[in-house]
Amino acid sequence: MDPRLARRCAESTDPADAGLDEATEGAFRDDLERIRFSPYFSRLAAVTQVISQGAAGQVVHNRLTHTIKVTSVARAIAVGLRAGPFAGLADELGGCDEVVVQAAASAHDLGHPPFGHLGERILDRIARSRFGLADGFEGNAQTFRILTELDVHGESGEGLNLTAAVRAAVLKYPWARQRYPDPHPSELGRPPRGGGPGEEGGGSAKYSAYVLDVGEMREVLAAYPKIGPLRQTVECSVMDIADDIAYSLHDLDDFHRAGVLQHASVAAEFRSWLRRRATLTDRHLSAQDRRAGIALERLRRRLRDRDEWIFDDEAFAVAVGRVATDLLDGLLAVPFDSSIAAERAIGTFTRSWIAHLQASVEMSADPPIRSGHVSLGRQAWHEVAVLKFVHQQFVLDRPDLALYQRGQAQSLTSLVADLESWLTDPIDSGRAPRRLVDLVELATAGYRRVAREEPELLIGPTGESLTGREDIVRIGRGRGIIDYVASLTDDRAGAAARTLSGLTGQLFEAGSGL
């Protein structure tokens with residue numbers, strides 16, 4: 001049997017009963033439907049992309065609408081690769097099935113916790129400092145855990161029992177935070193993208209499996225012998241690029257509608273850099289210097305120093321010029337007023353950029369370490385970097401957004417503390433939410449298995465062994481609480497935090513959130 005079709009648990013339908021193409025298509029289609037029918041998938045409609053709809057006061061992208069658009073872009077890229085000159089190389093490396101790509105794109109954000117990337121940072125900090133979990137929390141690792149352990153399909157086993165192809169296609173960062181594989185990417189002089197040290201804690205900044213799930217990651221990657229260490233599969237690379245494309249464009253859509261992206265401030269930054277770029281020196285780049293053009297120059301130097309394998313000064317300047325033209329003379333030239341003309345302008349901007357970026361996709365048998373087998377062309381790579389800069393500089397770095405997010409961070413922190421207090425209460429722990437108890441038991445059993453089979457992986461944040469009975473109970477409880485909180489929607493996380501703080505007056509409505 002094709003190793004890409006392998007599932008962890010045998011199922012009644014035998015691929016040998018059908019022709020190979022029919023069996024492959026059917027298996028991958030089953031996986032796609034299992035993901036789309038999952039409650040974790042439905043939950044994405046109520047999880048923040050950047051800011052919640054309630055805060056924005058209008059319709060903005062959430063994780064589900066983002067996921068749907070990533071899936072559309074990913075499918076188009078996969079179809080293009082299959083029909084073009086790279087089809088043979090894709091087959092040689094293990095395949096580029098458009099249904100696998102759609103399944104991976106549909107699943108790629110399942111692990112995002114409440115409140116977007118802010119929630120991810122807060123849960124990571126809590127997992128490490130409060131519970132001693134050296135691998136903390138990471139949205140990509142949580143996605144893999146949901147697909148392989150936390151979600152359910154059928155009567156036996158854990159997880160959705162997906163094919164190896166789909167499980168491998170969500171491994172954007174195919175390593176653990178620490179210790180696996182050896183040598184670990186965080187220890188390399190030139191680590192892969194995301195593999196370098198993070199801002200907090202040891203190990204890699206990004207990773208796709210917790211210690212609990214390393215064995216399964218190792219198993220699914222074995223189905224792709226032509227894919228080298230620390231590399232994404234072809235299908236994963238396609239999903240990753242589609243995510244980059246959608247992320248770089250659709251948030252601009254949201255914040256133009258909300259009136260956050262102001263023509264004057266964006267124009268000042270871009271035009272100042274284009275006018276002054278030849279004269280900007282190190283003395284201009286003080287972190288306190290907020291003059292227009294300085295932030296773009298910092299971006300240019302950061303890309304130059306980090307990504308010399310693809311960075312080109314002229315390509316960067318062209319990217320700045322093109323984004324400036326399309327934003328300043330196009331999308332932002334007229335404030336959004338909900339008119340048909342304004343909607344048409346947004347649609348034209350987004351469609352033209354997606355078509356342009358999709359057409360730039362390339363493929364390589366032996367890419368640089370910071371790239372994947374499938375990548376954007378040099379010019380498009382610079383353009384996506386500049387589009388992301390607009391989002392970061394003029395949206396994410398705003399003090400009013402930071403103020404709002406700090407309140408959300410406090411909600412998550414208090415919720416985790418209150419749930420731990422409940423579980424360790426000798427009198428009242430028996431009334432804790434049933435799903436919370438299930439997740440703690442599942443995580444604890446997993447850590448016991450790792451302690452037996454790979455004890456060298458169970459190491460705390462300061463290098464201490466965590467194979468003792470009390471250690472396993474503690475980290476199992478911690479991981480279970482983190483799994484539980486990460487599975488809540490934004491509203492449910494806030495409601496649960498208020499309820500456990502005694503700030504609700506609606507008894508049974510509050511309880512349903514747990």
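## Ground rules and overview

Buried here means under 20% relative accessible area, exposed means over 50%, and partly exposed covers what falls in between (1.4 Å probe, protein chains only). This is a predicted model, where local features need pLDDT of at least 70, side-chain atom pairs count only at pLDDT 80 or more, and totals for chains, interfaces and linings use all residues. Residues are numbered from 1 along each chain as its sequence is written, and side-chain values use heavy atoms, with hydrogens and water left out.

The chain has 514 residues, and 55% of them are buried. Its secondary structure comes to 21 helices and two strands; these are DSSP runs numbered from the N terminus, with helices being H or I of at least four residues and strands being E of at least two. Take the contacts (heavy atoms within 4.5 Å) between residues at least 6 apart in sequence: 74% of them join residues at least 24 apart.

## Where α8 crosses α18

Helix α8 (residues 139-150) packs against helix α18 (residues 434-453) at an angle of about 95 degrees, with the axes 13 Å apart. Axes are lines fitted to C-alpha atoms, for helices over the stretch in contact, and angles run from 0 to 180 degrees between N-to-C directions. That makes the two helices, α8 and α18, roughly perpendicular (65 to 115 degrees; under 35 is roughly parallel, over 145 roughly antiparallel, and the rest oblique). On the α8 side you'll find Arg145, Glu149 and Leu150, which meet Arg435, Leu439, Leu442 and Ala443 of α18. The residues of this contact split into four nonpolar, no polar and three charged. For that tally, Ala, Val, Leu, Ile, Met, Phe, Trp, Tyr, Cys and Pro count as nonpolar, Asp, Glu, Lys and Arg as charged, and the others, Gly among them, as polar.

As for α18 itself, its 20 residues reach 29 Å from first C-alpha to last, close to the 28 Å expected at 1.5 Å a residue (the expected span is 1.5 Å times one less than the number of residues). Its buried residues include Leu439, Ala443, Thr444 and Tyr447.

Aspartate 483 sits in helix α19 (residues 469-486). With a relative accessible area of 1%, Aspartate 483 is buried. Setting aside neighbours within four places in sequence, aspartate 483 is in contact with Gln142, Arg145, Leu150 and Leu439.

## Helix α14 and its cap

Helix α14 (residues 313-331) has 19 residues and reaches 26 Å from first C-alpha to last, close to the expected 27 Å. Among its buried residues are Phe316, Val320, Val323, Leu327 and Leu331. Aspartate 312 caps the N-terminal end of α14, with a side-chain oxygen 3.1 Å from the backbone nitrogen of glutamate 314.

Asparagine 161 has phi near 55 degrees and lies in the loop between α8 and α9. Asparagine 161 is buried, at 11% relative accessible area. Leucine 230 has phi near 65 degrees, lies in the loop between α10 and α11 (234-257), and counts as buried at 16% relative accessibility.

Terms used
Polar contact = N/O pair within 3.5 Å; in protein donor to acceptor, adjacent residues only side chain to side chain.
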